[in-house]
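Hi,

Here is the structure I promised to pass along. Have a look at it first, and then read on for my notes.

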Amino acid sequence: MPTLVAVPTLTSTEEDVFAGVPDEYRHYFNGRVPVPFTKRHWEFTGEPVSVPLVRAFLETCAAGRDSDYRYVLTLLGAELATNAIRHSRSGEPDETFVIRVDRGPNGMTVTCRDNGMPTSAVEGRGGLLIAASPEDRLTAEDGRGLALIDSFATTWGDNGHPSIRKVWFHLAYDLTGSSWPAA
């Protein structure tokens, strides 16, 4: 079984991200067992500094589950957020993306809705996602996020719509269908 790494503490710059969270919603990010919910979502700024807030949101949604489940859900959800920031219009100035968690009887589904194809791709300057070839994936410095999701999620997919993308994954509470226990 892989060794779990603790989520790093927020730096003072990252602490400023919480300034945009109204007091009545701070419980979405406190890491404690959440108030019972079926669906929970939050709109995040499309900046890398938002990723620790995304991780806190997902950690809180999965609080009360075992450490492996919390770790995998948070890891995969942070990958979706990072992809939204790096590869979509959501990463452009003043843009946002939404993370939604649906809790069901057998697991949780995390959906990331971004603002679609980046302006650079629309203007013909590139920016389209191209999957690395299998032999390049092990040595690439980035581009392995969807491979992680494919391997560790129970199921995953996307809506295939270029203007408002929704990429999702489902993670069964017992990690059925995930290669995580075998990793």
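A definition to begin with: a residue is called buried under 20% relative accessible area, exposed over 50%, and partly exposed in between, using a 1.4 Å probe and protein chains only. The model is a predicted one, so local features need pLDDT of at least 70 and side-chain atom pairs count only at pLDDT 80 or more, while totals for chains, interfaces and linings use all residues. Residues are numbered from 1 along each chain as its sequence is written, and side-chain values use heavy atoms, with hydrogens and water left out.

Now the aromatics. Rings of Phe, Tyr and Trp (its six-membered ring) pair if their centres lie within 6.5 Å; planes under 30 degrees apart are stacked, over 60 edge-to-face, and the rest tilted. There are 12 such pairs in the structure. Tyrosine 28 and phenylalanine 57 make a tilted one, because their ring centres are 6.2 Å apart and their planes stand at 50°. This pair links distant parts of the chain, 29 residues apart: tyrosine 28 is in the loop between α1 (12–15) and β1 (39–45), and phenylalanine 57 is in helix α2. (Helices, H or I with at least four residues, and strands, E with at least two, are DSSP runs numbered from the N terminus.) Tyrosine 28 is buried, with 14% relative accessible area, and phenylalanine 57 is buried at 0%.

Phenylalanine 57 also pairs with phenylalanine 44: the centres are 5.9 Å apart and the planes at 75°, so this one is edge-to-face. One aromatic cluster takes in Tyr25, Tyr28, Phe29, Trp42, Phe44, Phe57 and Phe97.

Helix α2 (residues 51–61) also holds threonine 60, which is buried with a relative accessible area of 0%. A polar atom of its side chain lies 3.3 Å from the backbone nitrogen of asparagine 30. Leaving aside residues up to four places away in sequence, threonine 60 touches (heavy atoms within 4.5 Å) several residues, including Tyr28, Asn30 and Pro34.

Then the strands, which pair if DSSP finds at least two bridges between them. Strand β3 (residues 107–113) has 6 of its 7 residues buried. It runs antiparallel to β2 (residues 96–103), joined by 6 bridges, and the two form a hairpin with 3 residues between them. On β5 (residues 166–172), β3 pairs antiparallel over 7 bridges, with cysteine 112 partnering valine 167.

Happy to talk any of this through!

Terms used
Polar contact = N/O pair within 3.5 Å; in protein donor to acceptor, adjacent residues only side chain to side chain.
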